[in-house]
Amino acid sequence: MKKTILSIFAVAVTIVSSQAQVMVFQETFDDLPNNTALTISNTDLTYVRIGTGGGTINATSPGFFGTGASASITQAMSNASLNGIGVQSTLQPSNIYTMAFNFRPLDLTGDFVIGVGAGTSFTGNSVFTTAHGLFWIQSDSGNLERRIDSGWSDIGGGTTLTLNSNNLLHIIANGSDASASYTGGSVGAGRMDIYLNGTLLDDDVAVTTSGLNATGFRMYNVNKGDTAVDNITLWSGAAPIPEPSSGALLVLGGMALVAVRSLRKKNS
Ligand SMILES: [Ca+2]
Ligand SMILES: [Ca+2]
């Protein structure tokens, strides 16, 4: 009898973990013509904002990541309010969220900020509210940092991004009160795993706000933290980093692109 109960329990656990991750958002920008301004109509975004300082949030085609277009968020000047994109309050509420996206620093003068969270302050245009982010991460002039209470802490003990380099950030944030597992790892209650280009930089570090049911995301730059982004994907639940084979293909694709570009330069 005991054995039967245990088997049933094992099946139940399997079902729960297999349902744990649900892709709730993906935007590849692929079909947008070069220099098209991103809007909430021609993308799945619900928030596209250019602040008082001007600048552009445009498609770049061919993009920086694969064959389709990518998006570039740029500012005309520093000391201006934010330029950014996101989805407000419409994603499936969950206190465990995974976010993955490609990004490429185009200007390391300022900051590029990424958050997954909830609430009107979270998606407001002024200073963000720490309490409304399940997590906040930023590139502070190229130094990767995560938000802790009222300050920032270095990711991976200090990680410097290179100008015009292609990167893949993958964050698994668990704001629930129980540990969560995914293929290749696990993340404790109130903790997150942060991968850059497939390497685990921070293992089980504190999320910004535990217990928060996230319903949106945003990414923006201030003070000219100009950045190209692509393949923005969010899952409710803990989603594993892609298989090494597809990751390797991505890197190989990037290298091929660089090779073609340098070849073009030589030939021109
Ligand atoms: Ca794309
Ligand atoms: Ca972990």
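User: What stands opposite Ile 194 in E15?
Analyst: That's Asp 202. Keep in mind this is a predicted model, where local features need pLDDT of at least 70, side-chain atom pairs count only at pLDDT 80 or more, and totals for chains, interfaces and linings use all residues. Residues are numbered from 1 along each chain as its sequence is written, while chains are lettered from A and ligands numbered from 1 in the order in which they are written.

User: How do E14 and E15 run, and how many bridges join them?
Analyst: They run antiparallel, with five bridges joining E14 to E15 (residues 199-206). Strands pair if DSSP finds at least two bridges between them. Strands (E, at least two residues) and helices (H or I, at least four) are DSSP runs, numbered from the N terminus.

User: And what's in the turn of that hairpin?
Analyst: Two residues sit between E14 and E15, and Asn 197 in the turn has a positive phi of about 55 degrees.

User: Which other strand is joined to E14?
Analyst: E11 (residues 167-174), also antiparallel, through six bridges. There, Ile 172 stands opposite Asp 193 in E14.

User: Why is E14 largely enclosed?
Analyst: Because five of its six residues (191-196) are buried. Buried means 20 or more other C-beta atoms within 10 Å of a residue's own, exposed means 12 or fewer, and partly exposed is in between, with C-beta atoms placed from the backbone.

User: Switching topic: where is Gly 124?
Analyst: In the loop between E7 (111-117) and E8 (133-140). Gly 124 counts as partly exposed because it has 14 C-beta neighbours inside 10 Å.
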